[in-house]
Amino acid sequence: MKIIVCVKQVPDTSEVRIDPKTNTLIREGVPSIINPDDMNAIEAALAMKDANPGSEVTLVCMGPPQADVALREGLAMGCDKAILITDRVFGGSDTWATSNIIASALVEMEYDVIFCGRQAIDGDTAQVGPQIAECLDLPQVSYVADIKQNGDTLTVQRNLEDGYQIIEVKMPCLLTCIKELNEPRYPSMGGIMDAYQQEVEHWTNEKLQIDASLIGLKSSPTKVNRTFTPPAKEPGILVPDADVEEIAKVYKDLKSKHYL
Amino acid sequence: MDYKLTQEQEMVRKVMRKFALEKVEPIAAEIDEQEIFPEENVKLLSEMGVMGMIYPKEYGGSGTDSISYAIAIEELSKVCGTTGCIVASHNSLACGPIYFFGTKEQKDKYLPDLVTGRKLGGFGLTEPNAGTDSAAQETTAVLVDDEYYLLNGSKMFITNGGVAETYVIFAMTDKSQGNRGISAFIVEKGWEGFSQGPHEKKMGIRGSSTCELIFENVKVPKENLLGREGQGFKIAMSTLDSGRIGIAAQALGIAQGALDKAIEYSKTRVQFGRPISTKQGLQWMMADMHVRTEAARQLVYRAAYAKDHQKRFTEEAAMAKLYASETAMWVTTKAVQIHGGYGFTRDYPVERMMRDAKITEIYEGTSEVQRMVLAVRS
């Protein structure tokens, strides 16, 4: 099987700094990691490879040259190939432009299944995976929490807020993965040593030849008006082993705040 | 001189740190308190190729350099001295002598299981009456009918003793020769006459399995002699040179872990209306802890570097082990001091770290032995 995993490198912190002028993320000085949901996507791909010997897992990432380390980590986990889609003209792309670019790269490749993470922790949009599927005209299942393979059909569990769906989908298809799907394996020491012997291919727009009207900041329809840090929730009050008196106090307190 | 870690070494640190925080730290207090061998984590470490990381891929190892190895042990030991000890002793003491002194047949037979962590290994040199003075070995091996050695005696304080399946055991084959009469053997668990004593109740690294090994007329096939007869002392000393890098890295990790906890605590503990981290007396204490820990790190990496570049590293390893272990003891003691009364309780990890630090000044050569090694070489 040919398996593709789309990954994003994201800042490893909840304290993301944002450039007030462009309203885009400032990446310098913040340690980077593979986006957590994408780790589940990699694990799903590697599990499928383990179950289908001879399969090949290719990582695809769009980002600046520093994203190289995220791809090396994926290789160290056991992925076979890595492609970094990188070009200054892609800079500032929103999810629409990003999906156009990644889909243009995937068109060049063979695949039976494409795994993406549900959403990235820096933007939380959950749009790129589904949009890639639309660009490629592929069936897609999002929020995947379980996968069973039967020939070229996958039976997947799609988690929703108040329940789940069981969906059968024929390959080729695209799945977006959530953390309930699996526990990502750790890169191995031998894998780390090998990862830096391998070549990470760099694909620029010279290769992809995407029209300027589909890529970059200027062609991105998303306009961010304002960004802000949501105020932290105040911690609740715990009343362990409350007796009648304590409960009366809690009741009074709730009543005074008009919750009751 | 390049002071930068390679990309591989940086990634080893990143991965091991993540593993340590996610899997090792959450159970560190429990395995210490209950004296539980962390079997699940050792299995995961085996899958990650950590248990035989410095050995080549042809035997199932990971083929890493020694600095990466030191970093891996350092990161584990930052949160759990027990786990660092298990990895260090298996890599250096169990796999090492077989890899460096074994015949092709011995390597093919034993290394694949050991370096992949499918089986754990132990190293038996110390005896009830033979610690630093290894020539006082009372364990004997007598060649019978040119077919097998008859092994008799006992070994004390053997790390991984209760969980290992393959052991490198030292015994006298010619008492009159002193150190030159010691030979090394590969011994398997389950052989008739080979039994294990009860687990030692220890001050620190309490999750590791330490016990006595007892040999009563154990028949060791002749082909399990490691190296030549009389080469045992050389094998032991050479193995301990490598082993000391691992223990030094363990000590370094314990020191760094205690320093991190002390800094974190000092920022949250408020006395006289301000965090105690604002007190100059404690700032200076933590600055000194930081300097010594970093100095230890440089000695540890230098010893590993020397080993990677096929230089003699006896002196470097002894220095690293001596300085890092005494630093670990000093830093953890200060870390407890900074925590005050809380540091003396098991509610805070520095209490465990201080107990774990102590063994690094003792095993694989006490601090006094390291000084002896350095004195005769300078």
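Predicted model: local features only at pLDDT ≥ 70, side-chain atom pairs only at ≥ 80, totals over all residues.
**Entry 1: chain A overall**

I started with the secondary structure of chain A and counted seven helices and 11 strands. I then looked up its extent: the C-alpha atoms fill a box of roughly 70 × 50 × 40 Å along the principal axes. Of its 260 residues, 44% count as buried. I also checked contacts between residues at least 6 apart in sequence, and 71% of those join residues at least 24 apart. For the surface, I noted that chain A exposes about 14700 Å², with carbon and sulfur atoms supplying 50% of that. Last, the charges: chain A has 24 positive and 39 negative ones, and their mean positions are 6 Å apart.

Is A:Ile85 buried or exposed? I found 0% relative accessibility for A:Ile85, so it counts as buried, the cut-off being under 20%. A:Ile85 lies in strand S5, residues 81-85 of chain A. I looked up what it touches beyond four places in sequence, and the list includes A:Val60, A:Met62, A:Phe90, A:Ile101, A:Trp203 and A:Leu208. I also took one distance: A:Ala67 is 18 residues away from A:Ile85 in sequence, and their C-alpha atoms are 9.7 Å apart.

Next I went to A:Ala120, which is in the loop between strand S6 (113-117) and helix H4 (128-136) of chain A. A:Ala120 is buried too, with a relative accessible area of 15%. Which residues is A:Ala120 in contact with, leaving aside neighbours within four places in sequence? I got A:Lys8, A:Val10 and A:Asn35.

**Entry 2: helix H2 of chain A**

I wanted to know how many of the 10 residues in helix H2 (residues 68-77) of chain A are buried. The number is nine, so the helix is largely enclosed by the rest of the structure. Among the buried ones are A:Asp68, A:Arg72 and A:Glu73, along with A:Leu71 and A:Leu75. Just after H2(A), I spotted A:Gly78 with a positive phi of about 130°.

**Entry 3: where the chains meet**

I moved on to the interface, where 22 residues of chain B are in contact with 18 residues of chain A. Together the two chains bury about 1600 Å², and 67% of it is on carbon and sulfur atoms. I counted three salt bridges between them.

**Entry 4: salt bridges in chain B**

My search of the whole structure gave 40 salt bridges over all chains. I picked out B:Lys18 and B:Glu22, whose closest N and O atoms are 3.5 Å apart. Both lie in helix H1 (residues 7-34) of chain B, four residues apart, about one turn of the helix. An α-helix has 3.6 residues a turn, so residues three or four places apart point the same way.

Another pair is B:Asp146 and B:Lys222, at 3.0 Å from N to O. This pair links distant parts of the chain, 76 residues apart, with both residues in loops.

Finally I looked at B:Arg346 and B:Glu351, which meet at 3.2 Å. B:Arg346 is partly exposed at 44% relative accessibility, whereas B:Glu351 is buried at 13%. Both belong to a network of salt bridges that also includes B:Asp32, B:Lys201 and B:Arg355.

Conventions
Residues numbered from 1 in each chain as written. Chains lettered and ligands numbered in written order. Heavy atoms only, no water. Helix = DSSP H or I, 4+ residues; strand = E, 2+ residues; numbered from the N terminus. Buried < 20%, exposed > 50% of the residue type's maximum accessible area, 1.4 Å probe, protein only. Contact = heavy atoms within 4.5 Å. Areas by Shrake-Rupley, 256 points an atom, 1.4 Å probe, with all protein chains shown as cover. Lys, Arg positive; Asp, Glu negative; His and termini not counted. Charge placed at Lys NZ, Arg CZ, Asp CG, Glu CD. Buried area = accessible area lost by both parts, 1.4 Å probe. Salt bridge = Lys/Arg side-chain N within 4 Å of Asp/Glu carboxyl O.
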